[in-house]
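Please keep the sequence and the structure at hand while reading.

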Amino acid sequence: MDFDRKELIRAAFAAQKYAYVPYSRFWVGAALLTQEGEIYTGCNIECASYSPTNCAERTALFKAVSEGKHKFTAIAVVGSVQGQQNALITSPCGVCRQMLYEFGGDDLLVIMAKSEDDYQEMRLGELLPLGFGPRNLEQPADS
Ligand code: THU
């Protein structure tokens, strides 16, 4: 797929700086590429009552969808514990995989990066096989 992966990863690192993570101290940034070539970024945002916490991937997705963007080609994700290098890649959690599937489908490219030069990429269809999505709810034309 023809786009600048390093630029998308850089955007994810830039967003990671804004992570609001007083509880987990796990810093995540994401950068979502629209089909038109725009980048929407997000960070994780935690909450004292824990469960309303929003992951970086969904923050980026919700920003984009709330501005009318519905088609995406790729997302870069970076994550690290406080003050550390990215020892492991951060892959989207199950909830984010499902939400990304809603708009990206099987083909969305997920770039999980430790640095601009060290990353792994997979299609969302590999991370969420047999995903349940909008097509499952389509009604036959004559119903
Ligand atoms: N988190 C993300 O933002 N994205 C992921 O892909 C994995 C987990 C966040 C949620 C929470 O703020 C922190 O990381 C620890 O789970």
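## Sheet

Tyrosine 40 in E2 is the bridge partner of leucine 32. The model in which this pairing is found is a predicted one. E1 and E2 run antiparallel and are joined by five bridges.

The open sheet has five strands, ordered E2-E1-E3-E4-E5, with mixed pairing. Its edge strands are E2 and strand E5 (119-123), each of which pairs on one side only. From one strand to the next, the twist averages 15 degrees.

## Helices on the sheet

H1 runs at about 140 degrees to E1 and lies across E1, E2, E3, strand E4 (109-113) and E5. H2 also packs on the sheet, where it touches E1, E2 and E3. The direction of H2 makes about 140 degrees with that of E2.

## Aromatic rings

Two aromatic pairs are found in a search of the whole structure. In one, tyrosine 23 and tyrosine 50 have ring centres 5.6 Å apart and planes at 45 degrees, so this pair is tilted. Tyrosine 23 lies in the loop between helix H1 (5-16) and strand E1 (26-34), and tyrosine 50 lies in the loop between strand E2 (39-43) and helix H2 (56-65), so the pair ties together parts that are 27 residues apart in sequence. Tyrosine 23 counts as partly exposed at 38% relative accessibility, while tyrosine 50 counts as exposed at 55%.

The rings of phenylalanine 72 and phenylalanine 103 have centres 6.5 Å apart and planes at 80 degrees, so this pair is edge-to-face. Phenylalanine 72 belongs to strand E3 (residues 72-81) and phenylalanine 103 to helix H3 (residues 94-104), so the contact ties together parts 31 residues apart in sequence. Phenylalanine 72 is buried, with 7% relative accessibility, and phenylalanine 103 is partly exposed, with a relative accessible area of 22%.

A charged side chain also meets a ring: arginine 5 lies over the face of phenylalanine 3, at 4.8 Å from the ring centre.

## Cysteines

How many disulfides does a search of the whole structure find? The search finds zero. Cysteine 93 is in no disulfide, and the nearest cysteine sulfur, in cysteine 96, is 3.8 Å away. A disulfide needs the two sulfur atoms within 2.5 Å, so the 3.8 Å between the sulfurs of cysteine 96 and cysteine 93 is too far for a bond.

Cysteine 93 counts as partly exposed at 29% relative accessibility, whereas cysteine 96 counts as buried at 1%.

Terms used: Residues numbered from 1 in each chain as written. Predicted model: local features only at pLDDT ≥ 70, side-chain atom pairs only at ≥ 80, totals over all residues. Heavy atoms only, no water. Buried < 20%, exposed > 50% of the residue type's maximum accessible area, 1.4 Å probe, protein only. Phe/Tyr/Trp six-rings, centres within 6.5 Å; stacked < 30°, edge-to-face > 60°. Helix = DSSP H or I, 4+ residues; strand = E, 2+ residues; numbered from the N terminus. Lys NZ or Arg CZ within 6 Å of the ring centre and 35° of its normal. Pairing = 2+ DSSP bridges. Axes fitted to C-alpha atoms, helices over the stretch in contact; angles between N-to-C directions. Contact = heavy atoms within 4.5 Å.
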